[in-house]
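This report describes selected strands, loops and surface patches of one protein model. Please consult the sequence and the structure shown below alongside the text.

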Amino acid sequence: MALLVVGTTLLATQQTPPASTHVGATESSAARPPTDPATLLKAVVANQKHLEEARKNYIFHRRDEEQDTDEQGNVKKTTVSDYEVFFVGSWQIERLLAKDGKPLSDSETKKQDDQVAKEEKKARERIQKEESGAEPDKEEITVSKFLAADRFYNLRRDTLNGHEVYAFDFEPRADYKPHNMSEKILESLGGTLWVDEDAKQPVRLEAHLLEGMKIAGGLVGSVKKGANLVFEEQKVNDEVWMPSYGEVHLDYRILLSRKVANVILRYSDYRKFKVESKITGYQEMKPDQPQN
């Protein structure tokens with residue numbers, strides 16, 4: 001959920017978290033005084049380097065299940081993709097390992113090697129740019145833009161997977177004027193964010209698109225109002241928060257083609273590796289294999 005750290009896709013109206021087996025208020029949490037949401041987000045940013053240091057030697061598995069459906073919700077096609085994923089700074093670098101259960105061919109593996117090298121290089125260039133104090137690209141979504149574009153309210157204490165957290169809602173400021181696509185995205189989103197106060201880490205996001213969005217004035221494509229997403233993290237080895245689950249639901253158009261997509265992302269098999277290791281190979285996880 002590096003997306004949360006930089007304030008990326010955040011979305012929904014004022015709401016109380018839906019009842020579930022893992023989110024619920026506790027009486028003891030009420031005794032702890034809350035803080036200001038904006039201050040909490042700034043603490044998340046300040047803690048980013050610590051988080052990156054803890055994550056950099058971890059590698060994990062991600063399985064994406066994508067369903068293309070028609071306008072009536074009937075599934076037309078399901079695609080399953082398996083990845084190995086690791087972090088460089090706050091960016092996730094992914095290597096495709098298998099498609100619909102079939103390992104990649106030698107030529108496809110070589111293509112993935114080249115792609116991973118490019119993404120690693122790009123991530124390290126971004127890190128160097130940040131460390132030099134240079135301004136981020138205008139289309140990059142940052143926490144400072146998020147703080148400028150949205151208002152935060154309804155701060156409360158909750159528990160998430162047994163951990164005490166803060167939760168608060170956000171929505172666009174009425175007087176906010178976007179100047180580019182990244183700011184337009186922030187202007188269109190609202191939602192709820194859960195943050196582990198002790199870890200200074202966002203651990204759950206529920207969001208949706210408050211209004212439809214057009215790309216290049218609608219000439220290239222558009223996304224319908226109501227698109228929604230959920231991202232979660234879990235604590236691994238009692239030392240670091242890692243991505244654990246995600247889902248995205250979109251009704252969108254690219255040129256003259258309209259699509260409805262439902263994507264589920266499941267993360268597992270968290271393990272440490274040496275930085276110099278080359279990430280290769282894929283072994284199907286057994287159904288009874290521990291998923292941490």
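## Surface patches

A patch is built from residues with over 30% relative accessible area and no salt bridge; like charges are joined within 9 Å, and nonpolar side chains (Val, Leu, Ile, Met, Phe, Trp, Tyr) within 5 Å. A salt bridge is a side-chain nitrogen of Lys or Arg within 4 Å of a carboxyl oxygen of Asp or Glu. Lys and Arg count as positive and Asp and Glu as negative, whereas His and the chain ends are not counted. Each charge is placed at NZ of Lys, CZ of Arg, CG of Asp or CD of Glu. Accessible areas follow the Shrake-Rupley method with a 1.4 Å probe, and for residues only the protein chains shown count as cover.

The model is predicted, so local features need pLDDT of at least 70 and side-chain atom pairs count only at pLDDT 80 or more, while totals for chains, interfaces and linings use all residues. Residues are numbered from 1 along each chain as its sequence is written, and side-chain values use heavy atoms, with hydrogens and water left out.

On the surface, a patch of positive charge is formed by Lys76, Lys77, Lys99 and Lys259. Lys259 belongs to strand E14 (residues 257-272); strands (E, at least two residues) are DSSP runs numbered from the N terminus. With a relative accessibility of 38%, Lys259 is partly exposed, a class that lies between buried (under 20% relative accessible area) and exposed (over 50%). A nonpolar surface patch of about 380 Å² consists of Ile254, Leu255 and Leu256. Ile254 is part of strand E13 (residues 240-254).

## Pairing around E2

Strand E2 (residues 58-69) pairs with E14 in the antiparallel sense over 11 bridges, where pairing requires that DSSP find at least two bridges between the strands. Within this pair, Gln67 has Asn262 of E14 as its bridge partner.

E2 is also joined to strand E3 (residues 75-88) by 11 bridges, and these two strands run antiparallel. Here His61 stands opposite Glu84 in E3.

Strand E6 (residues 150-160) runs antiparallel to E7, to which 9 bridges join it. Asp158 stands opposite Val165 in E7. The hairpin of E6 and E7 has 2 residues between the strands, and Asn161 takes a positive phi near 50° in this hairpin.

Strand E7 (residues 163-172) is largely enclosed by the rest of the structure, because 7 of its 10 residues are buried. E7 pairs in turn with strand E8 (residues 189-196), antiparallel and over 5 bridges; the bridge partner of Asp169 in E8 is Thr192.

Asn154 lies in E6 and is partly exposed, with a relative accessible area of 32%. The C-alpha atoms of Asn154 and Thr192 are separated by 9.6 Å, and the two residues are 38 apart along the chain.

## The loop between E12 and E13

Asn237 is found in the loop between strand E12 (228-236) and E13. Phi of Asn237 is near 55°, a positive value in a residue other than glycine. Asn237 is exposed, with a relative accessible area of 54%.

Asp238 is likewise placed in the loop between E12 and E13. Although Asp238 is not a glycine, it has a positive phi of about 55°. At 64% relative accessibility, Asp238 counts as exposed.

Methods:
Helices (H or I, at least four residues) and strands (E, at least two) are DSSP runs, numbered from the N terminus. Buried means under 20% relative accessible area, exposed over 50%, partly exposed in between (1.4 Å probe, protein chains only).
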